[in-house]
Structures are given as structure tokens and as C-alpha cells.
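I opened this entry to record what I looked up in the coordinates.

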Amino acid sequence: MTYILRSALIKQGLLMPVLNAVRGMSTSGGPTPPYTTLSITCPADTITHVEFCRPEKRNAMNKAFWSEMVDCFNQIAEDSECRVVVFSGAGKLFTAGIDLMSMASDIVQPEGDDTARISWNVRRTISKYQETFSVMEKCPKPVIVAIHGACIGGGVDLITACDIRLCTQDAWFQVKEVDIGLAADVGTLQRLPKVIGCRSLVNELALTARKMYADEAKSCGLVSCVFPDKETMMAGAMEMAGEIASRSPVAVQGTKVNLIYSRDHSVPEGLNYMATWNMSMLQTHDLMKSAQAAMEKKSPKEITFSKL
């Protein structure tokens with residue numbers, strides 16, 4: 001279901017029948033129009049599942065993917081129904097990375113009359129591609145990414161922009177860019193050091209392009225949980241999404257925003273930002289609802305929170 005359609009259905013009071021139909025849909029049905037690389041379903045009213053859907057091309061990232069991700073997550077950010085996102089890949093693996101055949105013209109033959117103009121155009125193109133994954137980080141809704149099989153090149157850029165990373169036992173990760181003659185330029189070199197925390201390991205992975213398998217990914221903190229297979233992983237991801245979605249959206253989204261801010265700033269700056277943030281957010285009705293539920297020993301799932 002597209003988010004333009006979803007908004008229209010909300011206004012017309014027709015959303016629930018469509019959601020009920022979507023819940024039972026298989027993700028093998030192909031992309032969700034108008035997208036050509038993404039399948040979007042709603043397994044629950046407050047959970048959105050975005051699936052990279054180019055299994056016949058090993059989920060390689062073509063030109064359409066880079067722009068559709070931005071459109072998709074900008075709409076998710078504005079969708080008051082959605083409280084959490086699960087992102088996964090269709091087919092036998094998560095992603096083979098950049099589709100070199102599709103992207104060759106932008107990389108090998110940039111436009112421009114001279115070196116200066118060519119350089120400006122290349123910079124503009126790189127910045128546009130960086131936004132494809134930055135938009136996931138900027139989205140106030142938490143993003144859980146579920147990785148199975150190979151996660152190569154641009155896939156590492158993608159997952160490091162997500163909030164929670166899960167994988168299967170057969171998953172492996174590779175910062176592939178040095179093997180194709182370039183430095184990773186859409187997020188890995190900036191986010192991976194902050195995700196793993198071990199500069200030596202990050203340097204090794206980025207400079208040698210060696211594969212990292214699931215157990216090592218878990219031990220170094222790249223992923224928080226390893227599942228035996230994709231089916232079990234997706235069930236775990238949806239269960240986790242349900243737990244997050246049952247909490248106050250004011251609290252959840254505020255937590256994500258402040259975690260990211262604190263990552264990129266000093267502790268005093270983070271505390272100051274937090275105080276400014278909560279001077280208004282503490283005035284939410286959600287605080288009293290949650291406190292009352294806790295005193296009555298009720299689960300957060302029993303509380304009805306307003307949309308955000």
C-alpha cells in the first residue's frame with residue numbers, strides 16, 4: 001500500500017479494510033506501486049514492513065532504488081499511523097550492493113564541460129545518494145533491519161543507518177568498495193566506527209574488503225541478535241516491532257532523536273538538548289497514562305496512545 005493511498009483511505013474511513021487485506025499478503029508478490037524496487041505492507045496497524053524487492057537481481061541497488069527509498073521514508077516519517085519500521089530483503093540474500101550496470105553512467109561518465117563542473121556534478125550526485133540512507137536515520141520512527149545471506153557494499157551503508165540490526169546465522173557482511181576502486185562514500189566510513197566502536201576492526205574491514213560472518217558481527221556489536229533462519233528472524237523482528245509500537249510514540253520518537261543527537265555531540269551538549277526537548281515533551285498525556293498503567297500493573301500494550 002502506498003502512503004499517498006493510505007492517507008486518502010484514512011480521510012475516507014476506509015483504512016482498516018485495506019489493512020486487513022494487506023496483513024495476509026505475501027511479500028513475494030513484487031514491488032508495491034508506484035515503487036519498482038520496494039514492497040510495502042502493514043503487518044499491524046502501527047508497523048510498516050519495507051522490503052527491498054529485486055530478488056531476480058540479488059537486490060542490487062539500481063537507480064530507481066536510490067530515489068524510491070527517499071520518497072518512501074519521507075512518507076513514513078509523516079505517517080501518523082506508523083510507529084516503527086521493519087526493513088528486509090526479498091529472495092536468497094539481503095543485497096548484493098550497488099548495481100554497477102545501472103549506475104555506470106553516473107559514476108563513469110559524469111556530465112560537465114570542464115573539471116570544475118564535472119566535480120560539482122559528481123559531488124551533487126554523491127550527496128543525493130547519501131540521502132538514500134540518511135533518510136532512514138532522519139526518520140523519527142525506529143527502523144529495525146533484518147539481514148539474511150549476503151550484505152555487500154551499499155548494504156553495509158544501509159544497515160548502519162538503521163536503529164536495530166538483526167541477522168540470520170548465514171548472514172555475512174562486506175565493505176566491498178575498495179575492491180571496485182573507490183572509497184565507500186554513502187555512510188559506512190562515517191557510521192560503522194560509531195556502531196562497532198573498534199577503530200582497528202573498522203579499518204581492517206574497510207581496507208581489506210574481507211567478509212565478516214554473523215558470529216563476529218554479533219560479538220563486535222554490528223548486530224544485536226542472530227537467528228537460525230530468515231523465518232525465525234522475521235518473526236523476532238515483528239515481535240520486537242510490536243513491543244516498540246506499544247509504547248508512547250512521543251517517548252519512542254523522542255528517544256531516537258536524542259540518541260542520534262548524543263552520538264554526534266558531547267555529553268554536555270546532549271544533556272542540554274535533552275533538557276530543551278523534554279521541557280515540552282514532558283507535558284504529554286502519555287506520561288500520566290503510562291504512570292497510571294504502571295501503578296495498576298498493566299502492560300503498555302493495554303494503553304491507547306494518540307497518533308503522532
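**Three-stranded sheet**

I started with the open sheet of three strands, which has the order E5-E7-E8 and mixed pairing. The edges are strand E5 (150-152) and strand E8 (211-213), each with a single partner strand, so one side of each has no neighbour in the sheet. From one strand to the next, I get a twist that averages 20°. I note here that the model is predicted.

I then checked how E7 and E8 are paired. They run antiparallel and are joined by three bridges.

**Six-stranded sheet**

Next I listed the open sheet of six strands; its order is E1-E2-E3-E4-E6-E9, and the pairing is again mixed. Strand E1 (38-44) and strand E9 (225-227) are the edge strands, each pairing on one side only. I find that neighbouring strands in this sheet are turned by 25° against each other on average, direction ignored.

I looked up what packs on this sheet. Helix H10 (residues 230-245) does, touching E1, E2, E3, strand E4 (143-147), strand E6 (164-168) and E9. The direction of H10 makes about 165° with that of E3.

- Strand E2 (residues 47-52) and strand E3 (residues 84-89) are parallel, with six bridges, and Thr48 stands opposite Val85 in E3.
- E3 and E4 are parallel, with three bridges, and Phe87 stands opposite Val145 in E4.
- E4 and E6 are parallel, with four bridges, and Ala146 has Leu166 in E6 as its bridge partner.

As a reminder to myself, strands of a sheet pair through backbone hydrogen bonds, parallel or antiparallel.

**Strand E4**

I asked how many of the residues of E4 are buried. The count is five of five, so I have E4 down as mostly covered, because buried means under 20% relative accessible area. Side chains in a regular strand alternate between the two faces of the sheet.

**Glu177**

I turned to the loop between E7 and H7, where Glu177 is found. Is Glu177 buried or exposed? Its relative accessible area is 10%, so I record Glu177 as buried, because the cut-off is under 20%.

I listed the contacts of Glu177, leaving out residues up to four places away in sequence: Gly153, Gly154, Asp157, Leu182, Ala183 and Ala184. I also took the C-alpha separation of Glu177 and Leu207, which is 9.0 Å for residues 30 apart along the chain.

A probe the size of a water molecule, rolled over the atoms, shows where empty space is left. I found one cavity of 30 Å³ or more. The volume of the largest cavity is about 60 Å³.

Which residues line the largest cavity? I have Val156, Phe173, Gln174, Val175, Leu192, Ile196, Leu205, Arg210, Met212 and Leu222. By class, this lining divides into eight nonpolar residues, one polar and one charged. Strand E7 (172-174) and helix H7 (188-196) each supply at least two residues of the lining.

Technical notes
Residues numbered from 1 in each chain as written. Predicted model: local features only at pLDDT ≥ 70, side-chain atom pairs only at ≥ 80, totals over all residues. Heavy atoms only, no water. 1 Å grid on protein atoms, 1.4 Å probe; cavity = no way out; pocket = protein on both sides within 12 Å on 5 of 7 lines; lining within 4 Å. Points joined across faces, edges and corners; volume = space filled by probe spheres on them. Nonpolar A, V, L, I, M, F, W, Y, C, P; charged D, E, K, R; others polar. Pairing = 2+ DSSP bridges. Axes fitted to C-alpha atoms, helices over the stretch in contact; angles between N-to-C directions. Buried < 20%, exposed > 50% of the residue type's maximum accessible area, 1.4 Å probe, protein only. Contact = heavy atoms within 4.5 Å.
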